[in-house]
Amino acid sequence: MFRKLPLSHFIFPLLLAGLCSWPQTAAKRPAGSGGMATGGVFHPVFDSSNRPITAGGQVKIGPILFVDQAAKAGLATWHHTAGTPEKRFILEAKGAGVALLDYDNDGWLDIYLVNGSTYKALDGKEAPPQAALFHNNHDGTFTNVAAKAGVTNDRWGFGVTVGDFDNDGWPDIYVTNFGKNRLYHNNHDGTFTDVAEKAGVAVGTWSTGATFGDYDGDGRLDLFVAGYVKYDVKQPPVLGSKSVNYSSCQYRGSPVMCGPRGLQGEHDHLFHNNGDGTFSDVSETLRVNDPDGFFGLGALFVDVNNDGKPDLVVANDSAPNYLYINKGNGTFDERGYLNGFALNADGREAANMGIAAGDYENNGHMSLVNTTFSDDYDIVFQNDGTGSFSDVSFETGIAAATIPFVGFGDGFLDYDNDGWKDMLIVNGHVYPSVDRHPEWGTSYAQRPLLFHNLKNGKFDLVPAVEGTGLAEVKVSRGAAFGDIFNDGKIDVVINNSDGVPSLLRNVSPDRHHWVELRLIGGPKSPRDAVGATVYLTAGGIRQRGDVLSGGSYLSSNDMRVHFGLGDASAIDQVEIHWPSGVSESIKLKFVDRIYTVTEGTGVTSDLCVGLPCPAGSKQ
């Protein structure tokens with residue numbers, strides 16, 4: 001349950017680590033300083049070269065785990081654009097997400113990158129920036145086929161999630177925008193058709209995080225869409241305007257863009273899948289429409305209490321989070337405060353951005369990690385297995401290192417395949433003006449953070465080796481995690497604001513074994529098995545993996561379930577809990593391959609290094 005602990009419980013470890021002083025301002029920001037929620041103002045942290053730790057802290061020698069291969073792969077031909085470099089308004093600052101999906105069912109992950117826009121493009125005075133769909137060429141390179149596929153969006157985009165909403169066996173793409181959203185239906189021939197208007201899910205406001213999930217158990221994917229801020233381009237939120245309810249918009253005493261505090265929040269939407277290509281908005285009926293108008297960013301359907309029903313978690317920026325527990329009868333019970341997810345352990349709301357879900361303790365419990373703003377810590381919400389959470393951020397070793405950073409995309413990944421989930425967080429400030437104040441100890445462009453799981457409930461920050469992906473300084477936003485090269489290593493694609501994307505290829509030198517499962521649901525489950533839970537036992541460790549749609553920051557990960565096996569060369573047991581409610585045990589004879597498992601049938605195919613496995617090694 002929620003644990004209310006004194007502020008000293010959190011500050012003391014930071015003092016020992018030399019990362020901060022006692023806050024110079026109260027945890028609750030004073031009225032008149034509209035902006036992002038933070039935990040106060042902390043002393044700056046610099047590295048040995050007197051660089052802010054967010055842009056520095058690199059080492060010359062250490063393990064090389066990730067290298068950026070975006071240029072080599074052909075991704076650097078695409079560029080994200082959002083407004084002006086000055087970021088005078090919040091619409092320009094939030095960035096966009098990325099999705100990993102196999103849109104053509106060839107067994108290889110493709111990449112969808114959401115783009116922003118410009119004010120001239122909104123006025124029709126210049127061509128709008130376009131989203132990218134990079135087809136995987138199976139040789140380490142990608143080709144942008146967005147125009148041919150019909151998924152360029154051409155609107156001010158923010159989020160993306162993937163789900164087979166019509167159960168035809170082909171993944172569809174939902175893109176959230178400032179303005180009307182897109183629902184790209186997969187035509188099975190490499191092209192898509194936008195059916196958002198016909199389906200009733202266009203919305204038309206400022207939408208952010210989205211997630212598919214079968215909340216009522218009818219075998220069809222429903223859709224939740226978070227709303228952020230009510231925004232009028234012709235009357236942007238500036239001091240003195242009617243849309244700003246604060247007397248000043250400042251960060252550390254310097255003027256910055258206004259919001260989200262002081263602005264009016266947008267409402268959320270839950271769309272029920274009618275099974276005929278259309279959806280019905282049931283948000284108000286089920287009381288998940290955010291009547292308080294909080295600033296929604298992250299959203300994820302995930303079963304947090306192990307009852308086989310997808311619950312719904314929403315990360316709100318500078319406001320309390322929502323935790324909608326699925327009651328199993330088509331309705332929800334909002335328990336954010338009661339179950340310890342609304343606030344951090346100091347009883348304070350944070351500027352929640354991204355959501356990562358994973359069983360990092362290997363106890364069968366899906367814990368959550370929310371990224372937040374600088375002068376605050378990224379929050380580890382430990383799940384006790386019943387859907388009740390405790391903030392253990394400092395105990396895990398993640399909190400102290402993240403305070404100077406502005407976190408966005410995050411994900412659990414077993415980067416070294418030792419059987420224990422690690423954590424990677426990508427970062428980037430929202431105020432370019434911080435670079436004019438080096439004494440603050442932060443920077444606009446920031447490096448990612450990788451935390452290695454120590455197998456005892458704690459994590460250790462991995463050194464950022466110069467010249468590698470962990471030392472890259474970018475204004476990062478969305479991040480998606482998956483096995484892009486079909487080699488059993490989890491890679492990361494990052495959508496960088498006003499820049500080219502990063503492709504952090506996993507080059508960890510470990511030789512551990514692994515296995516991945518692509519699940520296909522039966523007639524009473526969603527076809528893409530979103531909501532399924534897999535328990536795998538090998539080498540004395542029982543792991544959990546879930547098929548999820550959405551998560552991280554406005555992004556969507558590889559839906560194949562990945563397990564690192566350490567030195568185990570045999571798999572003892574695999575138990576799949578399908579969304580239909582059916583539980584099924586299967587036998588996997590071999591490791592180091594990608595299996596396709598169909599509900600009620602078992603293993604139907606397998607891949608070795610992305611190719612059909614050789615004769616004689618079949619199940």
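Reader: What is the handedness of the link of Cys249 and Cys258?
Author: This is a predicted model. In it, the link of Cys249 and Cys258 is right-handed, with 100 degrees about the S-S bond. Their sulfur atoms are 2.1 Å apart.

Reader: Buried or exposed, those two cysteines?
Author: Cys249 and Cys258 are both buried.

Reader: How many disulfides does the count come to?
Author: Two disulfides. Cys608 and Cys613 form a disulfide too, with the sulfur atoms 2.1 Å apart. That link is right-handed, at 100 degrees about the S-S bond. Cys608 and Cys613 are buried.

Reader: And what is the pairing in sequence order?
Author: Numbering the bonded cysteines along the protein gives 1-2, 3-4.

Reader: Backbone next. Which residues does a cis peptide bond join?
Author: Gly259 and Pro260, with omega about 0 degrees. Pro260 sits in the loop between β14 (254-255) and β15 (269-273).

Reader: What about positive phi? Where is Val203?
Author: Val203 is in strand β11, residues 203-213. Its phi is positive, about 65 degrees, although Val203 is not a glycine. Asp498 is not a glycine either, and has a positive phi of about 55 degrees. Asp498 belongs to the loop between β31 (491-496) and β32 (502-506).

Notes
Residues numbered from 1 in each chain as written. Predicted model: local features only at pLDDT ≥ 70, side-chain atom pairs only at ≥ 80, totals over all residues. Heavy atoms only, no water. Helix = DSSP H or I, 4+ residues; strand = E, 2+ residues; numbered from the N terminus. Disulfide = S-S within 2.5 Å. Buried < 20%, exposed > 50% of the residue type's maximum accessible area, 1.4 Å probe, protein only.
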